[in-house]
Amino acid sequence: MASEVIVLMGPPGAGKGTQAARLAKAENLRKISTGDMLRAHVAESSELGRKAEAIMKAGDLVPDDLIVAMVRREVESMDEIRMLLDGFPRTPGQAKALDELLAEFGTELTAAVLLEVPEEELVRRLVQRAEEEGRADDDETTVRKRMEVYRTSTRPLIEFYEKRDLLARVNGVGDVDEVTERIQEVLS
Ligand code: B4P
């Protein structure tokens, strides 16, 4: 099988986690979700988890070097690079590190999928998840901070990938199945 690297981008609550799980299974890719990995470290109270906990609770981004090291370990463990990156890269520094890492392994990014959802729908979803799951970073103040961090740190990546003709925009509003189909369509 040929190597394949898909990046799934979008603001908090856009459906990255939801879609990543479905797509990874359907496309036979390893799902690498930096948010899930960080939450697992926090739950285990590992050294990284202890560093990340307060940062995540505040809605800020965990430092690039810690995130890149975490992703590198995953890539190093693969016989063939076939992965779906959920929530990584999130800063220009991470995007550059990803390019370098892939080049080191003789491959490159296949596509970056941007899930587009209006802000009022994002807030609605995250408030609902807060009620259902009680995630530490889903309260309203933190959600607003996460949106602001997305605008300043992550949004510049849209142009970065657009210029390289790697970006595919997908409407993230609607039935979860429908959104999956839209993503599969742009990737095919
Ligand atoms: P993430 O875990 O990536 O959290 P997120 O941006 O909120 O996306 P999430 O995946 O949770 O939302 P989703 O859209 O799936 O990151 C959490 C934190 O970890 C960050 O704030 C940061 O501190 C840290 N972090 C992670 N990666 C990092 C990195 N690379 N660098 C630095 N720091 C990093 O789901 C939202 C809700 O919407 C769910 O309840 C879902 O059920 C619902 N939903 C999904 N699709 C829907 C649809 N079509 N219709 C209705 N509801 C839908």
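In which hand, left or right, does helix 4 pass helix 5? Helix 4 passes helix 5 in a right-handed crossing, where right-handed means that the near helix is turned clockwise from the far one by less than a right angle, and left-handed that it is turned anticlockwise. This is a predicted model, in which local features need pLDDT of at least 70 and side-chain atom pairs count only at pLDDT 80 or more, while totals for chains, interfaces and linings use all residues. Residues are numbered from 1 along each chain as its sequence is written, and side-chain values use heavy atoms, with hydrogens and water left out.

**Helix 4 and helix 5**
- The axes of helix 4 (residues 64–76) and helix 5 (residues 92–104) come within 10 Å and cross at roughly 25 degrees; helices here are DSSP runs of H or I with at least four residues, strands are runs of E with at least two, and both are numbered from the N terminus.
- That angle makes helix 4 roughly parallel to helix 5, given that angles under 35 degrees count as roughly parallel, over 145 as roughly antiparallel, 65 to 115 as roughly perpendicular and the rest as oblique.
- Axes are lines fitted to C-alpha atoms, for helices over the stretch in contact, with angles running from 0 to 180 degrees between N-to-C directions.
- Asp-64, Ile-67, Val-68, Val-71, Arg-72 and Val-75 of helix 4 are in contact (heavy atoms within 4.5 Å) with Gly-93, Gln-94, Ala-97, Leu-101 and Glu-104 of helix 5.

**Helix 2 and helix 3**
- Helix 2 (residues 34–44) and helix 3 (residues 47–57) have axes that come within 8 Å and cross at roughly 115 degrees, and the two helices are therefore roughly perpendicular to each other.
- Helix 2 passes helix 3 in a left-handed crossing, and the contact is made by Gly-35, Leu-38, Arg-39, His-41 and Val-42 of helix 2 together with Leu-48, Gly-49, Ala-52, Glu-53 and Met-56 of helix 3.

**Helix 5 and helix 8**
- The axes of helix 5 and helix 8 (residues 156–163) come within 9 Å and cross at roughly 35 degrees.
- On the helix 5 side Pro-92, Ala-95, Leu-98 and Asp-99 meet Leu-157, Phe-160 and Tyr-161 of helix 8.

**Ligand surroundings**
- Of the 29 residues around the ligand (a heavy atom within 4 Å), Gly-15, Thr-34, Asp-60, Arg-129 and Arg-146 come nearest.
- An oxygen atom of the ligand is 3.0 Å from an N or O atom in the side chain of Lys-16, and an oxygen atom of the ligand is 2.9 Å from a polar backbone atom of Gly-17.
- A nitrogen atom of the ligand lies 2.9 Å from a backbone N or O atom of Gly-174.

**Backbone features in loops**
- Phe-88 and Pro-89 are joined by a cis peptide bond with omega of about 0 degrees, and Pro-89 is placed in the loop between strand 3 (82–86) and helix 5.
- Asn-28, in the loop between helix 1 (16–27) and strand 2 (30–33), has a phi near 55 degrees, a positive value in a residue other than glycine.

Methods. A polar contact is a pair of N or O atoms within 3.5 Å; within protein, one must be able to donate a hydrogen and the other to accept it, and residues adjacent in sequence count only if both atoms are side-chain atoms.
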